[in-house]
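This report describes the fold of a single chain and the surroundings of residues annotated in a database record. The sequence and model are shown below.

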Amino acid sequence: MNALSGLKSAVVGPPLWLLAEVTYRCPLHCVFCYNPTDYARHEDELSTDEWLRVLREARALGAVQCGFSGGEPLLRDDLELMVAEAHRLGFYTNLLTSGVGLTEERCAALKAAGLDHIQLSFQDSSREVNDFLSSTKTFALKQRVGEMLKAQGWPMVMNVVIHRLNIDHIDRIIAMAHELGAEYLELANSQYYSWALENRGHLMPSRAQLQRAEAITDEWRRKLDGQMKLFFVSPDYHEARPKKCMNGWGNVFLTITPDGAALPCHTARMLPGLSFPTVRERDLKSIWYDSEGFNAYRGTGWMKEPCASCDKKEEDLGGCRCQAYMLAKDAAAADPVCAKSPQHGVVQAAVAAADAGRLPEQPLIFRGRAESLRLSTS
Ligand code: FES
C-alpha cells in the first residue's frame with residue numbers, strides 16, 4: 001500500500017484536538033497506565049520554546065482544544081507558561097492530572113493563566129486500593145486537591161479507571177465523587193493497551209461484574225437526577241462492534257509525545273514500518289497533511305477483507321489500528337474486537353478467562369522506569 005491509497009475516500013480536515021503529552025515522568029506507578037511501555041526510551045523532553053511553537057503551529061492549523069497530559073504534567077514547572085500561551089492563542093484548555101504537585105499557589109497560577117478545565121484522576125474510593133494501584137500514598141492528597149479545584153471555581157471533573165480490582169466498589173466510588181462535589185464523573189473501563197495489556201488478566205472484569213456496575217451507575221443517575229453527569233465507558237472487549245478509534249486515524253486528534261513525535265494516537269509509534277516525524281524535524285502542517293504515518297490509515301482506502309466489503313466500515317473504520325497490531329500482529333487487519341475478525345477468538349478467550357476468574361500467574365506489573373527498560377528489550 002502506498003501512503004496516498006489511504007486517502008482515496010478521505011477528505012482531510014484540520015486536527016481539532018491537540019493532546020500535549022508534556023512529560024512521561026510521573027510520581028505514580030499505575031498498573032493500567034496508557035503511556036507506552038517503552039516510554040523510558042523517549043525521555044528527551046521538548047523545551048519550553050519548542051512546546052510554545054507546537055501550540056502556535058497547532059492553533060494555526062485549526063486546533064481548538066488543547067489537553068495537557070503526561071505522565072504527570074505538573075512535573076513541568078513551565079506548565080503555567082504553556083497554559084497561558086494556549087489560552088492567549090484561543091484554545092479551550094484542559095489539564096489531565098493525578099493532582100500530585102498541585103498546591104494552592106499553582107492552582108491560582110493556572111487559573112490566572114486561563115486554564116479552563118481540570119480532570120482529576122482517582123484510582124478508587126478507598127485509601128488502600130487507591131494507594132496500592134498507584135503504588136503511592138496519594139489518596140488523602142487527591143481529596144485535598146478536589147477541594148482546591150472547587151475553591152478556584154473550576155467544575156469538578158473526576159476520572160476513575162475501572163477494572164476488575166475496583167469495579168465492585170463502584171457504588172462507593174460514585175458516592176465519593178458526589179461527596180466531593182463533582183459535576184462530572186467518568187468511569188472509564190480500562191482499555192487494553194500498554195501497561196494495561198501487560199496486566200490484562202488481572203484487570204479484565206467479568207461480564208457479571210460489568211453488568212452489576214452498569215446497573216448501579218444507572219441507579220445513581222436516577223438518584224442524582226442531573227446533579228452529577230455520569231459517563232460509563234465499557235471495555236471494548238465486551239462490545240459486539242469495534243470502536244471508531246480516535247474518531248478516525250488522522251481525523252481530529254493530534255498527539256505530541258514528550259520528545260516531540262507527532263502521532264494520530266498515543267500508542268501509534270509502536271506500529272512497525274511507519275515513520276512519525278518529530279516537531280523538531282518538520283512543521284506540524286506538513287506532518288499532519290503529508291507524512292506517511294498520518295496518511296497510512298486515513299479513510300477506508302487502506303482496508304482489506306473483511307473490512308473492505310463491510311457495510312459498517314464507514315461507521316467504525318475497521319476499529320483500532322493499534323489493537324489490530326497488538327492482537328493480530330497486523331495493523332491493517334480488522335480490529336479483533338469485531339466478530340468478523342479472524343482473530344476474534346483472542347478477545348473471546350480473554351473475556352472467557354475473566355468470566356471464569358482465571359487469573360494469570362505473573363504478578364501485576366507496576367509502571368516504572370526499570371520495568372519500562374526491561375519491557376522495551378524483552
Ligand atoms: Fe492507536 Fe487506536 S489507539 S489507533
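## Overall architecture

Of the 378 residues in the chain, 44% are buried. The model under discussion is a predicted one. Its chain contains 15 helices and nine strands. Because the radius of gyration is 20 Å, close to the 21 Å that the globule rule gives for 378 residues, the chain is as compact as a globular protein of that length. The C-alpha trace spans about 55 × 50 × 45 Å along the principal axes of the chain.

The contacts within the chain may also be described by sequence separation. Among those between residues at least 6 apart in sequence, 73% join residues at least 24 apart.

## The sheet

Nine strands form an open sheet with mixed pairing, in the order S7-S6-S5-S4-S3-S2-S1-S8-S9. Strand S7 (229–233) and strand S9 (262–263) are the edge strands, each of them pairing on one side only.

One pairing within this order can be described in detail. Strand S5, formed by residues 157–162, runs parallel to strand S6, formed by residues 184–189, and six bridges connect the two. In this pair, Val157 stands opposite Tyr184 of S6.

## The annotated cysteines

An unreviewed UniProt entry lists Cys26, Cys30 and Cys33 under "binding site". Two of these annotated positions, Cys26 and Cys30, are examined here.

Cys26 is placed in the loop between strand S1 (17–21) and helix H1 (48–61). Cys30 likewise has its place in the loop between S1 and H1.

The contacts of each residue complete the description. With neighbours within four places in sequence left aside, Cys26 is in contact with Gly70, Gly71 and Glu72. For Cys30, when residues up to four places away in sequence are not counted, the residues touched are Gln123, Leu133, Ser134 and Arg367.

In summary, the record names Cys26 and Cys30 among its "binding site" positions. In the predicted model, Cys26 lies in the loop between S1 and H1, and Cys30 is in the loop between S1 and H1 too.

How values were computed. Residues numbered from 1 in each chain as written. Predicted model: local features only at pLDDT ≥ 70, side-chain atom pairs only at ≥ 80, totals over all residues. Pairing = 2+ DSSP bridges. Helix = DSSP H or I, 4+ residues; strand = E, 2+ residues; numbered from the N terminus. Rg over C-alpha atoms; globule rule 2.2 N^0.38 Å. Buried ≥ 20, exposed ≤ 12 C-beta atoms within 10 Å, placed from the backbone. Contact = placed C-beta atoms within 7 Å. UniProt positions renumbered as here; feature names shortened; annotations may be inferred.
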